[in-house]
Amino acid sequence: MMNFLVRALIALWIVIYPGCDYFVRLWARGVVRRGPSGPEPRLCLTFDDGPNPEVTPRVLDTLKELRIRAVFFLVGAKARQHPELVRRMLAEGHEVGLHTLEHRHAYWMFRRQSRRAVEEGARWITAITGRPLRWFRPPWGACNLFQWLTVRRMGLRLVLWSANAQDWRAATGRAGILRRLRQRVKPGAVVVLHDGGGEAGAPLNTLQALPEFIRYYLEEGWRFVTLEELDGKRYQLQ
Ligand SMILES: [Zn+2]
């Protein structure tokens with residue numbers, strides 16, 4: 001009897017957590033992992049875990065100087081603390097998406113917390129932006145069943161990435177970020193960087209690598225686009 005119960009619980013856990021997670025990562029329709037390549041090489045730059053009062057303004061300065069638009073996946077509780085940074089993102093032509101309310105891992109939340117992470121996070125962000133939210137990216141790219149159902153119900157598109165710089169890890173370093181991105185960026189790439197969180201010293205590496213990364217691709221003739229542009233009339237997201 002006990003044995004059966006333990007097995008049933010394990011099976012349930014697999015359905016709710018890793019089963020759903022791998023389904024979303026690998027097979028679920030409507031999940032953005034990269035954009036279509038199109039006739040001209042394009043990439044979409046995204047930043048997770050902000051807004052952060054030390055890092056985000058410097059990222060925005062770089063993007064402004066190089067005339068690049070990007071997408072910021074915001075932690076709802078941090079956006080609430082720094083609404084002026086969110087307003088600056090919009091004023092400078094960037095897009096924002098949701099990166100949950102408090103950046104907790106999907107495997108550590110049950111039904112109520114999972115729903116709240118999406119619903120309340122979205123509420124805080126839309127209260128600042130005054131526009132409907134379209135994009136959701138789960139922390140570590142991990143989604144559970146409750147979160148997936150909430151995201152679907154709210155009509156949000158789940159966005160993962162195709163090029164991860166691992167810039168939240170201090171050991172990656174400036175050169176490591178650039179090397180990883182050169183290896184992984186292909187036409188239509190969705191690149192993930194961080195403007196908050198991460199290990200001590202990591203944001204400085206990101207800030208140092210960013211202008212060099214952008215200039216390299218601009219000189220190679222690439223266009224930096226937002227998710228809305230990646231999902232435009234000419235090329236629809238798969
Ligand atoms: Zn994150």
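Guide: Two strands pair if DSSP finds at least two bridges between them. The model discussed here is predicted.

Visitor: How many bridges join strand 1 to strand 2?

Guide: Strand 1 and strand 2 (residues 71-74) run parallel and are joined by 4 bridges. Within this pairing, Asp-48 stands opposite Phe-73 of strand 2.

Visitor: In what sense does strand 1 pair with strand 7, and with strand 8?

Guide: With strand 7 (residues 189-194), strand 1 pairs in the parallel sense over 6 bridges; there, Asp-48 has His-194 as its bridge partner. With strand 8 (residues 223-224), the pairing is also parallel, over 2 bridges, and Arg-42 is partnered by Arg-223.

Visitor: Is strand 1 mostly covered or uncovered?

Guide: In a regular strand, side chains alternate between the two faces of the sheet. Strand 1 (residues 42-50) is mostly covered, with 9 of its 9 residues buried.

Visitor: Which residues are the protein donors of the zinc ion?

Guide: Donors are N, O and S atoms within 2.8 Å of the metal. Here they come from Asp-49 (OD), His-99 (NE2) and His-103 (NE2), at 2.0 to 2.1 Å from the zinc ion. Along the chain their spacing is D-x49-H-x3-H.

Visitor: Why does His-99 count as buried, and Leu-9 as exposed?

Guide: Buried means under 20% relative accessible area, and exposed means over 50%. His-99 counts as buried because its relative accessibility is 2%, whereas Leu-9 counts as exposed because its value is 54%. Leu-9 lies in helix 1 (residues 2-26) and belongs to a nonpolar surface patch with about 780 Å² of accessible area together, whose members include Met-2, Leu-5 and Trp-13.

Notes:
Residues are numbered from 1 along each chain as its sequence is written. This is a predicted model: local features need pLDDT of at least 70, side-chain atom pairs count only at pLDDT 80 or more; totals for chains, interfaces and linings use all residues. Side-chain values use heavy atoms; hydrogens and water are left out. Donors are N, O and S atoms within 2.8 Å of the metal (3.2 Å for Na, K and Ca); water is not among the atoms, so sites may look incomplete. Buried means under 20% relative accessible area, exposed over 50%, partly exposed in between (1.4 Å probe, protein chains only). Patches are made of residues with over 30% relative accessible area and no salt bridge: like charges are joined within 9 Å, nonpolar side chains (Val, Leu, Ile, Met, Phe, Trp, Tyr) within 5 Å. Accessible areas come from the Shrake-Rupley method with a 1.4 Å probe; for residues, only the protein chains shown count as cover. A salt bridge is a side-chain nitrogen of Lys or Arg within 4 Å of a carboxyl oxygen of Asp or Glu.
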